[in-house]
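Subject: Model for you to look at

Hello,

Here is the model I said I would pass on. My notes on it follow below.

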Amino acid sequence: MALLPILLLPDARLRQPCAAIDSFDPALKRLADDMLETMYAAPGRGLAGPQVGVMQRIFVMDTGWKEGRPSPFICINPEIKDASGCAVNTEGCLSIPNRPVRIERPAVIRLAWQDLAGRACEGFFEGFAATCVQHERDHLDGILCIDYPDLPETDAEEST
Ligand SMILES: [Zn+2]
C-alpha cells in the first residue's frame with residue numbers, strides 16, 4: 001500500500017466531475033487500499049477520488065475508526081436514491097484544512113453503489129454516516145462543503 005498526496009484547494013481537479021468506473025480489476029482494489037491508508041494517515045473519516053487526483057467515481061470512508069470502531073467502506077459509482085429529514089453537522093475536508101463549516105443536509109439517505117467486485121449494493125445511512133456519504137459523493141461532482149451556507153451555531157444545538 002502507499003500513501004497518496006492529498007490535493008488542496010484551489011487545485012482545479014477538485015472542481016471537476018468524475019467519470020463512472022466500469023473496470024473492476026486489481027488496480028481498483030489497490031487504489032481503494034491506498035485511499036483508505038491515506039485517509040487513516042491524514043487522519044480523516046472520508047476521502048474521494050479527486051482529492052488524490054483520481055477523476056473516477058470512488059470514495060472511501062470510515063466514520064467509526066476514531067472512536068475505536070473501524071468500519072472501512074469502499075463506495076464505487078454512488079447514487080443517492082432517496083433522502084429525508086434534515087440535520088446540521090460540522091464538516092471538515094482534508095482538501096480544505098482548518099475550515100470547518102456547519103451545513104444542513106438530509107438526515108437519512110438511501111444509497112445505491114457498487115462494491116470492488118462490481119456488485120450492486122443498496123443501503124440506508126443516517127447520522128454522521130449520512131453526512132459523510134453526501135460530502136464525499138459531492139466531491140465526485142466537483143462540489144465542496146464550502147459551497148453550502150455556513151450556518152451559525154445556536155444554543156439549542158450545542159448539546160448535540
Ligand atoms: Zn471533502
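The protein has two helices and seven strands, where helices (H or I, at least four residues) and strands (E, at least two) are DSSP runs numbered from the N terminus. This is a predicted model, in which local features need pLDDT of at least 70 and side-chain atom pairs count only at pLDDT 80 or more, while totals for chains, interfaces and linings use all residues. Residues are numbered from 1 along each chain as its sequence is written.

Overall layout

From the N terminus on, the order of elements is α-β-β-β-β-β-β-β-α. The radius of gyration is 15 Å, close to the 15 Å that the globule rule gives for 160 residues, so the protein is as compact as a globular protein of that length. The radius is taken over C-alpha atoms, and the globule rule is 2.2 Å times the number of residues to the power 0.38. Along the principal axes, the C-alpha atoms fill a box of roughly 50 × 30 × 30 Å. Buried residues make up 32% of the 160 residues; buried stands for 20 or more other C-beta atoms within 10 Å of the residue's own, exposed for 12 or fewer, and partly exposed for anything in between, with C-beta atoms placed from the backbone.

The sheet and the helices

Five strands form an open sheet in the order β1-β2-β3-β6-β7, with antiparallel pairing. Two strands pair if DSSP finds at least two bridges between them. The edge strands, each pairing on one side only, are β1 (46–48) and β7 (120–126). From one strand to the next the twist averages 40 degrees. Strand β6 (residues 108–114) pairs with β7 in the antiparallel sense over seven bridges, and Ala-112 stands opposite Glu-122 in β7.

Helix α2 (residues 127–139) packs on the sheet, touching β1, β2, β3, β6 and β7, and its direction makes about 125 degrees with that of β7. Helix α1 (residues 26–41) lies across β1, β2 (58–61) and β3 (73–84), running at about 45 degrees to β2. Angles run from 0 to 180 degrees between N-to-C directions, and axes are lines fitted to C-alpha atoms, for helices over the stretch in contact. Contact is counted when the C-beta atoms of two residues, placed from the backbone, lie within 7 Å.

The hairpin

Strands β4 (residues 87–93) and β5 (residues 96–105) pair in the antiparallel sense over six bridges. They form a hairpin with two residues between them, and the bridge partner of Glu-91 is Val-101 in β5. Glu-104, also found in β5, is exposed, with 12 other C-beta atoms within 10 Å. Not counting residues up to four places away in sequence, Glu-104 touches Cys-86, Val-88 and Leu-151.

The core

The largest nonpolar core has 25 residues, of which Met-35, Leu-47, Phe-59, Val-60, Cys-75 and Val-133 touch the most other members. Such a core is a set of buried Ala, Val, Leu, Ile, Met, Phe, Trp, Tyr and Cys residues joined through C-beta atoms within 7 Å. Two or more residues come from each of α1, β1, β2, β3, β6 and α2.

Regards
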